[in-house]
Protein chains: 2
Amino acid sequence: MEKIRIGIAGYGNIARGVETAIKTSPDTELVAVFTRRKPEDLMINSPGVKVVNFSQVEEYKDTVDVMILCTGSAKDLPVHGVEFAKLFNTVDSYDNHAQIPQYLRRVNESALSSGKVSIISIGWDPGLFSIMRMISEAVLPEGSSYTFWGRGVSQGHSDAIRRVKGVKYGIQYTIPLEKAVEAVRRGETPNLSARDKHMRECYVVCEEGADKSKIESDIKNMPDYFAPYDTKVNFISEEEFKENHSKMPHGGLVIRNGTTGEEKQNKHIMEFSLKLDSNPEFTGSVLLAYARAAYKMNLEGMMGAKTIFDVPLFYLSPRYREDLVKELL
Amino acid sequence: MEKIRIGIAGYGNIARGVETAIKTSPDTELVAVFTRRKPEDLMINSPGVKVVNFSQVEEYKDTVDVMILCTGSAKDLPVHGVEFAKLFNTVDSYDNHAQIPQYLRRVNESALSSGKVSIISIGWDPGLFSIMRMISEAVLPEGSSYTFWGRGVSQGHSDAIRRVKGVKYGIQYTIPLEKAVEAVRRGETPNLSARDKHMRECYVVCEEGADKSKIESDIKNMPDYFAPYDTKVNFISEEEFKENHSKMPHGGLVIRNGTTGEEKQNKHIMEFSLKLDSNPEFTGSVLLAYARAAYKMNLEGMMGAKTIFDVPLFYLSPRYREDLVKELL
């Protein structure tokens, strides 16, 4: 079997998740990791695989089938997504919701120019949760959809804590409120504010001599990030932080409560939930499945930027269509 | 807006579910219900909509965009699926698992000959549950998948009870065993036999003077249907039967427990569940969403028989791709 040759651009947590996923997917192989740093400064977990500087990426045009972009959504992907699509099939986890339409348009231009496929905004949200929101609304047009996140680490909120003066280490857990989840699970369709759905729990290690009450109030009053929520700030020791807060679990659920029938008398509850020990490894696994799809779609002559809504699902699997029909349908 | 013109073939429970769903989907309209009976003998729930005998179906070739086939899987669809695809885009809920590959091949020949699209085996299982089994296996290749059904009415098992001598009315509920569900939900990956996963609960109204203990033993020992399960038979009065057992609730769940990481040290649990007050109305709603997809795919030049794995998801929604990207991705 010819393997799908994968390149990884960037080498943060998600990139390492992709790297791990490749090892359990025998139809894929890692060709190289691409970095903005000096290649000799980067140690990767795949012995024998090359580390290459971004400046040489064009040389891999014909040896990388799909480039999985693992650089940041905020500043990196708006550049990398557009540039890499001029050379490769790409997949990324761009998650800056407000900017997605514009990003899709710009990547589409690049991918059409190269005749490649770029699948954007892949992961679990945006990603698998988007699939559920879409299918459940299409199937039950009369109804309400709810997305809850957590319990899990929010990278963005953790970064925000660490920017507060006097904070040495910090991490933030998003926690869905049991009361709201249970009401929705019972089939109710409440109107829920941000505060009704989630609370935010922070664990902070202070710098020596820092003013704890000021740190607490700086965090709790931070607009957008914390002010609209009930926030709890816990001060802990550096030892406890390293012992108990070095993992990246996450998860969440999408629920749609809908009705059918002449008098809307029949209720239906659709729920999709994830409980993840490692957010980056799971996200990396989703990216790899969609890398497979990008490769196959391009082989069949498709091109341009795609979202998760554009991808027929059987492209995700390494198995033959006939076997999927026989065993999973 | 031009509406998608729907025809319904057959008029059982699922057909009435489709009929109801059309009323809450403003981009669709019901053109006619087609029947093998005398049209004048059939009362439908859509005032002003025509009832037409199967013999005249060809006259509707240009006025029905998608025919939703609601006749039985056992004997009807193997004929109707193949014949209607020669004239119309079609959607059906063919659920005879062992025969699906052959059915797909035969419908494909018809649909290619007419240049139409036929989407087969649509509903929730096969259907939405198939989507989940497929995605979760592709994302987490290391892991185990479980499907549980119920608590809900199984039509096939209820029919089987009613064929037992001395039974006047009968209904069967498939019940997933809490112990098995809870183990899988905790992330365990047990090997489960049929008996470990589900029990079967029957409610029976006897004919006068019937031998209850013989009925009970006939049911419990019926091969395939009941012998491989723990089965409970409850004898009740006709009044109680009509009062408490005239609805068709159902549901179930698909769970995949998988691992990632160099030493498979990280666990991930993906769960999709349905709780349905009315199995036929929910199934009808899924069929209608895929009818929309069949219509749009054919408009774009696709043809042939498709499964749920072949359909890009954005075809399911009446909304614009741009809005879906903005609001649901």
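Helices (H or I, at least four residues) and strands (E, at least two) are DSSP runs, numbered from the N terminus. Helix H8 of chain A shows the idea at work: A:Asp218 and A:Lys214 both lie in this helix, four residues apart, about one turn of the helix. An α-helix has 3.6 residues a turn, so residues three or four places apart point the same way.

This is a predicted model, in which local features need pLDDT of at least 70 and side-chain atom pairs count only at pLDDT 80 or more, while totals for chains, interfaces and linings use all residues. Residues are numbered from 1 along each chain as its sequence is written, chains are lettered from A and ligands numbered from 1 in the order in which they are written, and side-chain values use heavy atoms, with hydrogens and water left out.

## Salt bridges

Side chains of opposite charge can pair when their charged atoms come close. A salt bridge is a side-chain nitrogen of Lys or Arg within 4 Å of a carboxyl oxygen of Asp or Glu. The structure holds 40 salt bridges over all chains. The table lists some, including one between the chains.

| Salt bridge | N to O distance |
|---|---|
| A:Asp218 and A:Lys214 | 2.9 Å |
| A:Glu327 and A:Arg319 | 2.3 Å |
| B:Glu188 and B:Arg186 | 3.0 Å |
| A:Glu137 and B:Arg319 | 2.9 Å |

How open are these residues? Buried means under 20% relative accessible area, exposed over 50%, and partly exposed in between (1.4 Å probe, protein chains only). A:Asp218 is partly exposed, at 27%. A:Lys214 is partly exposed too, at 45%. A:Arg319 has 26% and is partly exposed. In chain B, B:Glu188 is partly exposed at 34%, whereas B:Arg186 is exposed at 55%.

## Two chains meet

How are the two chains related? A rotation of 180° with 0.0 Å of shift along its axis superposes chain A on chain B, with an RMSD of 0.0 Å. The two copies are thus related as by a two-fold rotation axis. Both copies use the same surface: 100% of the contact residues of chain A recur in chain B. Contact means heavy atoms within 4.5 Å.

The contact takes 68 residues from chain A and 68 residues from chain B. The size of an interface is often given as the accessible area lost when the parts come together. Here the buried area (accessible area, 1.4 Å probe, that two parts lose on being put together, summed over both) is about 5,900 Å², with 62% of it on carbon and sulfur atoms. A:Phe309, A:Leu313 and A:Leu329 supply 13% of the area that chain A buries against chain B, more than any other three residues.

Charges also cross the interface, where six salt bridges are found. A:Glu137, B:Arg319 and B:Glu327 are linked in a network of salt bridges.

## Aromatic rings

Rings of Phe, Tyr and Trp (its six-membered ring) pair if their centres lie within 6.5 Å; planes under 30 degrees apart count as stacked, over 60 as edge-to-face and the rest as tilted. The structure holds 18 aromatic pairs over all chains. The rings of A:Phe34 and A:Tyr60 have centres 5.2 Å apart and planes at 80°, so this pair is edge-to-face. The pair links distant parts of the chain, 26 residues apart: A:Phe34 is in strand E2 (residues 28–35), and A:Tyr60 is in the loop between strand E3 (50–53) and strand E4 (66–69) of chain A. Both A:Phe34 and A:Tyr60 are buried.

B:Trp124 and B:Phe129 also meet edge-to-face, because their centres are 5.3 Å apart and their planes stand at 75°. B:Trp124 is buried at 6%, and B:Phe129 is buried at 0%.

## Backbone details

Most residues other than glycine have a negative phi, and most peptide bonds are trans. A:Asp224 has a positive phi of about 65° although it is not a glycine. A:Asp224 sits in the loop between helix H8 (212–220) and strand E11 (230–235) of chain A, and it is exposed at 66%.

Cis peptide bonds occur as well. One joins A:Gly150 and A:Arg151, with omega about 0°. Another joins B:Asp125 and B:Pro126, again with omega about 0°. B:Pro126 lies in the loop between strand E6 (117–119) and helix H4 (128–139) of chain B.

Definitions and conventions
Copies are superposed by least squares on the C-alpha atoms of residues with pLDDT of at least 70 in both.
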